[in-house]
Amino acid sequence: MRYTMRKTLPVIGFLTALFIHVQLQAQPHVPSGPTPYTLKTVVIDAGHGGNDQGCSGGGFLEKTVALQIALKLGALIEKNYPDVKVIYTRKTDVFVELYERAAIANRNNADLFICIHCNANPNTSPYGTETYVMGLHKTEANLNVAKRENDVILMEDNYTQHYDGFDPNNPASHIIFSLNQHAFMDQSILFASKVESYLKSNASRSSRGVKQAGFLVLWKTTMPSVLIETGFLTNGNESKYLGSDAGQGKIAESVYFAFRDYKNNLEKNSGAVNKEEISRIEDNIDKGDNSDAQNTPAKGEVYYAVQFFTSNKEENVSRFNALKSDNITFVKEGGLYKYRLGPYNALDTATDAQKKARSAGYSDAFVIALKDGVRISMDEARQHAAQ
């Protein structure tokens, strides 16, 4: 009996170990490492609303155009990504304080904040889209856009308390405020660049690029955030597009495509961004002094350039370093290479560039007008602008 027990105990021990091993093998595999990133919530903010109508032009109000684009964008995301929660800061014509818009995004732990606006300019010539991220405005034009959008806080009660003493009437406040850098700058820039890319390729809009400025509505958001200026209501042709159902739909679709690519990109890389790609995009933010320069004028639009040099051979662009411009192009006509600055969507901007070119030593620099890449007379340009 004693002998039997000695033999049995090791066998029981072996069977017990085998049972435990089998049980462990049957347990589901739990992957180690961080949980994969998933974009779950997006907040869409239609600028202005209620007694704050924003800018206007062509019979259209910014608050109305922005709301229609925001609703169309949200509907596309809801249809194609039912697992993504879409939250609107407003779905009707109501006034929502700027600080509350950011608070809505923060309370809902949003993964992305998209603010929709329309642009304006005392000069009716400028047109095109701009997408802003929070940061230091590098040009006077960017500062002016931020000032216009920030001025709405004057309609709010106790705005100095809500915005830490920020005074929109004091230029120094804008300068100090704009020095705040967003913790999610890289992701914001990535999404902004995709927005501008699709507005250009899908909606055939003229892109003015990704820019930085101090926007109160982006200031206190705790997630990647952008403000999209979808076009100028003060430009006759662009206001017609922005006010149309088809135009609003195309803009919403373009921003949706940017959202789709951004979501796929971050989820594939578990929330990380390609630093080389971000660096390349940052190199093109607010480049030079030509904030009204445009690389791809819209079809049928008149634009301007400054012709400053002619040669019978193709020159190395480094020859023109004195111009301190990254906006140099050339065309070959009749065996000659004609070098230009531009294009510019406003005549006064082109004239300023002409003065700079002459000051840099190109005394024969002159302004030309073009349409669809073909040079036209100044009289034709003026007639077009008057339409």
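I started with H7 (residues 185-201) and H10, which pack at an angle of about 140° with their axes 8 Å apart. The model is a predicted one. Angles over 145 degrees count as roughly antiparallel, so I checked the class: H7 and H10 are oblique to each other. Their crossing is right-handed. I then listed the contact residues. H7 contributes Gln 187, Leu 190, Phe 191, Lys 194, Val 195, Tyr 198 and Leu 199. From H10 I noted several, including Ile 251, Val 255, Phe 259, Arg 260 and Asp 261. By type, this contact of H7 with H10 has 12 nonpolar, 3 polar and 3 charged residues.

Next I looked at H2 (residues 62-80) against H10. The two axes come within 8 Å and cross at roughly 50°. H2 and H10 are therefore oblique to each other. H2 passes H10 in a right-handed crossing. On the H2 side I found Val 65, Ile 69, Leu 73 and Ile 77 among the contact residues. On the H10 side they include Ile 251, Val 255, Tyr 256 and Phe 259.

Then I turned to the core. Which residues touch the most other members of the largest nonpolar core? They are Val 42, Ile 77, Ile 114, Phe 191 and Phe 259, out of 49 residues. H10 (residues 245-268) gives the most to this core, with 9 residues. Another core, of 21 residues, lies apart from it, and I noted Tyr 304, Tyr 344, Ile 376 and Ala 381 among its members.

Last, I checked Val 42. Leaving out residues up to four places away in sequence, Val 42 touches Ile 77, Ile 114 and Phe 259, among others.

Definitions and conventions:
Residues numbered from 1 in each chain as written. Predicted model: local features only at pLDDT ≥ 70, side-chain atom pairs only at ≥ 80, totals over all residues. Heavy atoms only, no water. Core = buried A, V, L, I, M, F, W, Y, C linked by side-chain atoms within 4.5 Å. Buried < 20%, exposed > 50% of the residue type's maximum accessible area, 1.4 Å probe, protein only. Helix = DSSP H or I, 4+ residues; strand = E, 2+ residues; numbered from the N terminus. Contact = heavy atoms within 4.5 Å. Axes fitted to C-alpha atoms, helices over the stretch in contact; angles between N-to-C directions. Parallel < 35°, antiparallel > 145°, perpendicular 65-115°, else oblique. Left-handed = near helix turned anticlockwise from the far one by under 90°. Nonpolar A, V, L, I, M, F, W, Y, C, P; charged D, E, K, R; others polar.
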